[in-house]
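Here is a short report on one protein model. Keep the sequence beside you as you read, and find each residue as it is named.

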Amino acid sequence: MVIRIVIADDQAMVRAGLRMVVDSDPGMEVVGEASDGREAVEVARRTRPDIVLMDISMPRLDGLAAARELLDTPSPPKVITLTTFDTDENLYAALRAGTSGFLLKVSPPEQLLEAIKVVHAGDALLDPAVTSRVIATFAGRAEPTPSPRLAELTPRELEVLRLLARGLTNAEIARELYVGEATVKTHVARVLMKLSLRDRAQAVVFAYETGVVRPGTI
């Protein structure tokens with residue numbers, strides 16, 4: 001199955017470079033380009049891609065605002081945010097916007113291709129240690145707000161959510177709980193469905209902001 005991609009960046013040379021990288025993989029196809037956030041939303045709605053590569057800093061509508069608008073539609077694409085600045089603020093803002101990945105523009109081509117595949121497969125494109133550090137830092141600035149949705153989780157699903165928030169992979173969670181990896185995959189899917197979350201990145205944010213885990217406890 002070919003992964004359909006929209007590239008959104010206000011610099012034509014950057015878009016051309018990203019297109020060259022994507023086109024080098026026969027399993028991927030660029031179906032549209034945009035030079036600002038507003039156009040990115042319009043192109044994505046028209047072409048219905050699997051992935052949008054979204055620059056954070058763009059005119060008319062910045063990438064984070066465009067991502068929020070796009071992800072608030074039925075059956076939205078996954079969004080990977082691109083930036084030249086590796087700051088905690090950008091990373092946290094990208095996660096809060098609901099994006100599934102965060103990548104520096106200076107990343108090597110093979111990392112970009114791997115990022116697209118990882119996000120398309122349903123995982124979050126973030127190093128677990130970085131994710132946990134950033135979320136712990138920013139979520140710790142305010143008192144957690146418990147969510148009534150947590151009552152829908154079974155004790156085992158709540159345990160899985162805590163382990164997700166620690167940045168553990170399915171294999172690591174399986175070892176921690178002494179169950180099979182397929183069982184963990186099922187639990188993760190149910191957690192995301194019951195909490196109306198798109199992916200593991202959103203699960204990490206949710207766990208910290210609702211007090212399921214606390215900064216400094218992982």
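The buried residues of helix H1 are Arg 15, Leu 18, Val 21 and Val 22. Looking down the axis of H1, these buried residues fall within an arc of 125°, so they line one face of the helix. An α-helix has 3.6 residues a turn, so residues three or four places apart point the same way.

The face of H1 turned away from its buried side carries the exposed residues Met 13 and Met 20. This is a predicted model.

H1 covers residues 12-23, which makes 12 residues. From its first C-alpha to its last, H1 reaches 16 Å. That is close to the 16 Å expected at 1.5 Å a residue.

What covers the buried residues of H1? The cover includes strand S1 (3-8), strand S2 (28-34), strand S3 (51-55), strand S4 (78-83) and helix H5 (109-120).

## The strands beside it

Start with S1. Of its 6 residues, 5 are buried, so S1 is mostly covered. S1 pairs with S2 in the parallel sense, over 6 bridges. The bridge partner of Ile 3 in S2 is Met 28. The chain passes from S1 through H1 to S2, and this β-α-β crossover is right-handed.

S1 also runs parallel to S3, and 4 bridges join them.

## Two nonpolar cores

Now turn to the nonpolar cores. The largest one has 24 residues. Which of them touch the most other members? They are Leu 161, Ile 173 and Leu 195. The elements that give two or more residues to this core are helix H7 (155-165), helix H8 (170-177), helix H9 (181-194) and helix H10 (200-209).

Take Leu 161 as an example. Leaving out residues up to four places away in sequence, Leu 161 touches Leu 150, Leu 153, Val 191, Leu 195, Ala 203, Phe 206, Ala 207 and Val 212.

Another core lies apart from the largest one. This other core has 18 residues, among them Ile 3, Met 28, Ile 51 and Leu 103.

## Two loop residues with positive phi

Arg 60 and Ser 196 each sit in a loop. Arg 60 lies between S3 and helix H3 (63-71), while Ser 196 lies between H9 and H10. Phi is positive in Arg 60, a residue other than glycine. The value for Ser 196, also not a glycine, is positive too.

| Residue | Phi | Relative accessibility |
|---|---|---|
| Arg 60 | near 65° | 63% |
| Ser 196 | near 55° | 58% |

Are these residues buried or exposed? Exposed means over 50% relative accessible area. Arg 60 has 63%, so it counts as exposed. Ser 196 has 58%, so it is exposed as well.

## The whole chain

Of its 218 residues, 50% count as buried. Contacts between residues at least 6 apart in sequence can also be sorted by separation. Among these, 65% join residues at least 24 apart.

Notes. Residues numbered from 1 in each chain as written. Predicted model: local features only at pLDDT ≥ 70, side-chain atom pairs only at ≥ 80, totals over all residues. Heavy atoms only, no water. Expected span 1.5 Å × (residues − 1). Buried < 20%, exposed > 50% of the residue type's maximum accessible area, 1.4 Å probe, protein only. Arc of directions from axis to C-beta. Contact = heavy atoms within 4.5 Å. Pairing = 2+ DSSP bridges. Right-handed = clockwise from strand over helix to strand, strands pointing away. Core = buried A, V, L, I, M, F, W, Y, C linked by side-chain atoms within 4.5 Å.
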